[in-house]
Structure formats: C-alpha cells, structure tokens
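Here are my notes on this model, point by point. Please read them with the structure open.

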Amino acid sequence: MSKYLSTRDIDWPLLIIALVICGVGVLQIYSATLGTSWHSSWWRQILYVLGGLFLMWLVLAFDYHSYLHYVNALYIASVAALLGTYVLGQAAFGSRRWIPVGGGLHLQVSEFVKLVIILLVARYLAELKTEALEIREMVVLSVLVAVPAVLVLIEPDLGTCLTYFAVLVTGAFLAGLRWKYVAAIAAVALVGFVVVASPLGSHILKDYQRARIVGFMDPERDPQGTGYQLIQSQIAVGSGGMFGKGITKGTQTQLRFLPVPHKDFIFSAFAEEHGFVGVVFMLAAFFVMIMRIVQNAQTAPDPVGMYICMGVAGLLLFHVLVNVGMVAGLMPVTGIPLPFMSAGGSSVWSSFLALGLVNNVRLRRFVN
Amino acid sequence: MILPPVDPNLEHQISDKPPLRDDVRLAQGKIAIFQYSAAVIFLFLISGFWRLQVQNPQFYDEKAQANSIKGVIIPAPRGRILDRDGRVIVDNHSSFSLVLAREYLKEDHLRAIAQGLDLDYDDLMNKVRRYRSHPQWDSLPVKEELSPADLAFIDSHHDFFPELVVIRAQRRLYPQNGMMAHVIGYTGEISETELDDPAFAKYDAGAVIGKFGIEREYNDTLMGVDGQRQVVVDNRGQVRDVLNEKPAVAGKDLQLTIDLDLQVVAELAMEGKNGAVVALDPRTGEVLAMVSRPTFDPNKFAVHIKSKDWKEIMDNKDNPMINRAIQAQQAPGSTFKPIVAMAGLESGTIDDTFTVHCPGGATFYGHYYHCHLKGGHGSVGLHKGIVQSCDVFFYNVGNKLGIDKMAFYADLFGYGHLTGIDLPHEKEGVVPSTEWKLRNFRQKWYAGENISVSIGQGALTITPLQLARAYGGFAMDGQWHTPHLTKGGKDTLKQWAFNQKNWTEVVDGTCGVVNEGGTGVRAALPGVTVCGKTGTSQVASNEFTKGKSDKDLKDNAWFVGFAPREHPEIVVAAYYEHGAESKFAAPIVRDVIKAYLDKKVRLTALKQEQQRLASMANFVPPTVGQTVASQPSVAVQSSVASNPEAHP
C-alpha cells in the first residue's frame, strides 16, 4: 500500500494556505521594493516559491525514515557546511551567513540546518527507551543541538540560533521532560537574559545583539540606533489603523523609514498597508497552517513522524512569534524572517522543505 | 501529478523496525497543550496589533506624518536698495550654507566631513558637543558661503553622509569698506527681545530682519513674505513629492535720495577722519549724501556676527556704531553766530549799524572772555562779525539778547528737536533756556551763561543733520523741509517769514565768510558763489587742555555751506571730530558741493549732446536710415561710459 502513494493524500489545505501566504508575500515584496534597487525581488520570490514546490516534491519521494537513517551524516555535513561559511561566506549585512553557490545565488546554510535539527531531535527522542526524558539524555541532545547553534550564533545570527532551540524545546516537552527540569531551564534562561541585559553582557554577546535586547526593553533610550527599527515599525503598524493605507501607499514603507521592509520587517509593511483586518487574516492563516501541521502530528504513523511534524510546528510557531512580535514591538529585534512571506530563497526553500517533511509523514500515515 | 518512485528495499528495511516506544498516544495531551499555547501566542500577537492599530492609530499616524511631511521655508528675497539714479547700493546674492541634521549625525563621519570641507576637526567636534543638549531637530550650522568645491563634495557624498544638509539663502551684499554703513544699516536674525517688541510681532523666530539704519526703518517694505513648501521626504531627507507650495513674495526695492557720486566724494573726503558729512537738497529736504566715520562693515552682520568681530567694534573707543550725522550732539561753535545775528536783527535788539570794538577779548559779569583772534578785530559790525567770526561782537549781541530770545531762534532753526529723518535713533541735541535750566537743574539761569551760548558753546548742542537742515532752510529764506532718505518720503514744510533786509544781510555775511577772505576761504569754488560758516567748538576748557596734546581734547571743527547763493540747490554740513580748526572742515564741504555742480554740468552737456544727436538723426535720408539711426544709441552709451565718475 505504501508503494502506491497518491497526490490526493497530500495535505492540500496546508499547501494552499502556504501558497496564499506566499502570494500575499510576493504582493507585499512588490509594494515594499517599489522604486528601489531591490525591485526584482518580487519575481525572484515567485521563482523561489516554484523552486520550493519542486524541493517539497523531491522530499516527498523518499520515506522520511530514510532521511532519519542518514541523520548522522546530515548532521556532520551541516556542521561542516556551517564551518564552511567561515571560509566561503560573504560578509553581507554585517554577518557571514551566506555561501555562494553560483549563478548569483547565496545560500544561507543555517536555514537548511534547521531541518537537520528537526530530524535529529525526532530520531533521538524516538529512540529513547525511558518513559520520561532524563536529564542526562536532555544534556546530550542539547549539546548535539548546541554545536551547530553556536556556529550560527557566532556568524553572528542570534535569531536563527534560537530557532534550533525552539525545535529542541518542543521535542523535549513532548518527550516528557520533567517539570523540575523545565523550571531549571526557565531559571537559567531568566538569569541569562538578565546577564545579557546588564553591562556584564557585553563580554558574552556582541554589542549589537545586546543593544537589540536592551533597545527592546527601552526603545526611546537610543532612538537613532537599535530603537529606531522598533519605533519605526510600531509607527508603521499603528498608522495602518483598522483597514490600512492601501497597497503601495504606506508612507513608512515607501519612504523607507521602515528598515528592510521586504525581509525581516515585511509584516510591518503589510500591517501598514492592510491594517488590522489584514493582520488578523494573515495571523489566522498562520494559525490554521500550524494547526494543520499539529493535526498531521496527531495522525502520524509513529513517534518519529509525530516528532518531525511537531518540530516543524514548533519551528513555525517560534518564527511567527518572534518575527510578528518584533514587528508589533512585543519582542526584541532578533532578525529572523517570516516563513513563506519574507523575501529570500533560503527561507522559502527551507520552509517548503519543512512542509515536505510534514506531508511525507502524512502520506505514510497508513503504513502501520 | 505522479510522485517519484520509491526505493522499496529502503522503505521496507526501515519500516520493518518496530516503534521503540508507543508514545504517540501519550503525547496527545501534550500536543493539546501545544495547541492551546499556540492559540494564546496568536491572541497575544493580535492583542499587540489591536493596541497599535485600533486603540492608537491617530497617535501613530501623526508620527508617520511627522516622519515624512516637512515644511520647507522658501526665503523671500529682500528688496534692493538703490540710489536716486537707480544704481544698486545693496544687492542680494544666493549663498549656500551647510547644516548637520543631527538625527542622522554619526560622529565617526566628522573627520571625513571636516577634511572634505576644509574645516578644523576639533572645532567641528566641539560644536557637535556643545549642541548635545539641544533638541534633536535643532540642526547645527557648520559652514556658510559654500564654495562650488564644497557643494560638489556634499553632492557626491550625500549617500554616505545623510547628515549633510545644504540650505540656500539670500544674503545681503553691502558696499565694501563700510561705505554708507550707518545709513543702510544691516540685517540680522531677530533677537529674543525683538520678538517681544510689538513692532516685530508678525515675525517668527529665525526671521532675518533689518536691525539698523534704512534696513530697520524700511524693514516692512524691504522684507518680502517667505513662502512655504510642504514636501514628502524619505528617510534620508530626499524630497519625494511636493504636497503644496506657497510661493515667496519678494520684498520691494527701495530707492534712496542718496546720490552715489556725492556719497563717494564725501566718503573719500572723510577718509582717515572721524566725524560726519550731511548733504541735503534744501529745496526738498532730500538727503544727497550722509557719511559717518569711523565706520564698520555691515557684511559682517549679514546673519550672525562673529564674536571676535563684535568685540572689535565694541572695544573701539571711537564707537564706530554711532551714526555721527544724526547722533553726535556737539556744541555748534561759531556756526551758531549767524543764527544769533538773525535773532538780534529780527528781534530788533540790534540794527545794522550796531558796532563793537574788539580788543581781543571782553569782560562780562566779572569774567574775561577771549576772542579767537588774540590781537582783536578792531571795530566790528555785523558783516565783519560774521565774516571774521568775531567772538567779542557776538558776546555783546548775546548779552543784549538774553538766553530766551536766542533759544527761540535756535528752536526756530530746528535745534533741540528731532529733524524727523527716516532713520532710527536720531538725537535731538540741547537748546538751553531759563526754563530748560530750571527743569533740568532746578537752578536759575545766570546772565554769564549767555556769553558762552552766543558763540555756540555752553550747554547748546546740535547734530550735523540739524546744522545742514537749519542752514538749508535759512538759505531758502525760511523754508525748512524735513530731511528724508527715500524718494517720496515724508516732507513737512516749516516756514517763517524773515525780514528780507535782515535775511540778505546775514546771507551776505555767510557769503563773505567764503568769498571775502573770511574764515571759510577754503570752501571757495570758481564759477559759483558758495556761502557758509565755520565753527570750532571746544571739547574742554582752555585751562584743562593747557599743556596736553591728547587728540580727544582737540577742538571739533565744523563747516556748513550752501550753493549757489541765489536759489541754493545743495547744503552740506561737515563735522570733523577733533579736527582742531574749522578751516580743515571747509574743504570737505567744498569737495561735495563741487561734485554736485560738476555732475550737473556733465548731465547738462550730456542732455545737449543727446538732443543734438537726436536732431541729427531726424535729418538722415530714409535709404540709409537703419545704419545711421543706430549710431545715436551707441554714441550715448559711449558718452556715459566715458564718464568714469558717473559709475564710481
């Protein structure tokens, strides 16, 4: 039965929602880059989406168990590739995140490593023999995740680094991490945040990273620096009002008061031009998308499939929370893209690859 | 769509493995927790947008507009100032100045900016530090009068240094070397105290207004109305769109009565001297020339005067900022004598046969008064008294007249009153009288004081402008016009009917001063009868100055002259501060009168030549009319050009 996979079994609602979000994204990229040197981004984004669909189709071709089989190799390759960005990576936008792959394309390796982390966490947790996740196992898994995460952090790319831990935390939670450990981790996180925010933090985090977190807590303190992005984003969102200013009519976006309005701050540009109504529609789309993925986790044929789907769901939820929260001034500026919407090939492709994994699990839900 | 084929072996191999833990079911509860958490997270996000977009959209909308909509002032050019022939005295020029928009200022740019614009880095850095306490929108002026090279640098680096903002302004261009500085005045940014002044109520902070002289007096005429342009700017301050525009209304040109030809001559005559020259047309009251020395450079005041330049002016003990023509209040000295003579004759106190003997001095009320001529003038009548400026003669006249009669005629000649000239801060001088002394000193007038006043000393003080006006009106047989500096300026006529015999007698006296070997022979001109009167006024008593050679204690020299004797056209008063002797003031007046008459002759000749050429052109045969007809205009042009004095 498993040999006769049908396209009918693909999660079409999930795919359609993803494509709707992509469509809105392309429209917003078009509007946000109007009259700028990035104006080619909108049709490039269409090509990226088409490429993403192709990658998703490729991922569907092989049983997800076969990917799990090679997860060790994928993991080692990921670490090697991240190290490679140090050699080949280009210093763009102040961070060495991209490696050139020819044809003018630059891949952001850390975006693809997210998928490997999902597979790694899924396999590790599924192969546990204990009832609940023990602290020793948690530490081992954490270290496994931390190695690429630290490599990403020193690129420097704090936002993407944190997404790896989002996958880890989702998995650990589902695997039954004891509450006392949860409390301990929360305490460590809290202490870490305080240390980062205090002057001591300058030894640990780079100045701009610290500035982002401090700027989030008190944007008026440094209105020209990090606070600028937060303030301008809030002005853009707030001035959009209930129904927005209309596409290509947002002054904050069109006059470039908003930083990178087609990438990290695309949702801010969207909120300015489409208002609260548009925001609710888009957030509903993301919510439904995540809930569909969770539903696929519930119907997964085996725990490992469940972990994969939940890893993707956790990852997307984290992306939406951090990116959209940042736009509304609820989260610090961490600089991660909004999946399916932000311009950029690596982000779109890794998002579609993740959808491919979810559908892969779904297609094989009747195997057992 | 067909999915790619699957490797059956691989799939079999992996799916054969039994699940290690059957915890899919076990996780269902936790998945539910995840779902609820996701729902909470989305509600949290939506609440954030609710707060921004639904609760406070106005607040953020205003901020968005404040970001992008800016009002740009379009400065209105100030009216030019022209002389009576329409020649430009004060013009504007476009100037560019650079300010730093401090919202975009990055301090590590400063070194490159300082280098590119040839500024001192430390100075610039200090300025930036000083401005730290100012509000963010208060931009920092960096350099004025940008050169083309500066503009090129700013233009090519705008992308790197968005803080560089060029402001275009119309700047005043005043004559060099402080010429006419006191008449023209200067402009400057409105001050805090002026903002509270109702006269400047309609101007906002930052407006550039007239501060002194004509610039202040006629500020409302000269100043236009600034326009405003509402523009949409992007984050770099580049203008993207113009929403609406209110064009600037240029200020009106102001034509003065000043004749540059005479002004230049008067300026040159005062070169190296302190004092003032005023030339009036007695027929109308028009001011033909007005000079005050020492002078200052109004160009230094154009927007902000540098503190160094200001200190230099303030530290100059000669007070260059005083317009001596209307503000120097000095004893008129012997220039007062014809007025005393008029008073004596008109009041009937003396008649034309009144004669005194001058032995070089006389005693009045137990005090001995010298005449300026030690040997004495011998027998002196009225005519000789004026021509030789005999002090003893006028001591006697003054003594007979008494102070109040002298004061009445001084008052009639305009002393002790503002002339009403259209310049700010005019001074009125003092005409002493019994009432004046009682009111100001609570003392009675002593008859001995008459003696000093009769020769223009004592408490009597006048300004050079008052002197010129007094003699102008006198020369016009008692018709005093209000001196004014603008064409069509206000002119009120004050008239007094003198006894023609008395008037002729005194005018003859002033004529004799210049033409009969009197004290003013240096003012004589060939071909025209110049009348005038010298004056030397003491700054300190003879006892005090004895044995001292201080320049400041030297006597002030006066000369006032008018010409021609019949139907006078010009009256000139010269005040030479510490000039020692009146004979040094006479040539100044002579030069100005000569310049006036020379110009008149020149213009008459030019008019005749034009008429001759015009009549010649009428007789040209029509066949060659075109070529010949073009000649007159060429000839006129060249005859103007060959008059270098016409365009100094």
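1. B:G71 stands opposite B:Q230, a residue of strand 8 of chain B. Strand 8 covers residues 227-233 and runs antiparallel to strand 1 of chain B, with six bridges joining the two. Strands pair if DSSP finds at least two bridges between them. Strands (E, at least two residues) and helices (H or I, at least four) are DSSP runs, numbered from the N terminus.

2. A caution on the source: this is a predicted model, where local features need pLDDT of at least 70, side-chain atom pairs count only at pLDDT 80 or more, and totals for chains, interfaces and linings use all residues. Residues are numbered from 1 along each chain as its sequence is written, while chains are lettered from A and ligands numbered from 1 in the order in which they are written.

3. The sheet in chain B is open, with three strands in the order 1-8-9 and antiparallel pairing. Strand 1 (69-74) and strand 9 (239-246) of chain B are at the edges; each has a single partner strand, so one side of each lacks a neighbour in the sheet.

4. Now the contact between the chains. Chain B gives 45 residues and chain A gives 56, where contact means C-beta atoms, placed from the backbone, within 7 Å. On the chain B side, helix 1 (8-15), helix 2 (24-55) and helix 3 (57-68) each supply at least two residues. Helix 2 of chain B has the largest share of that side, 18 residues.

Methods:
Contact = placed C-beta atoms within 7 Å.
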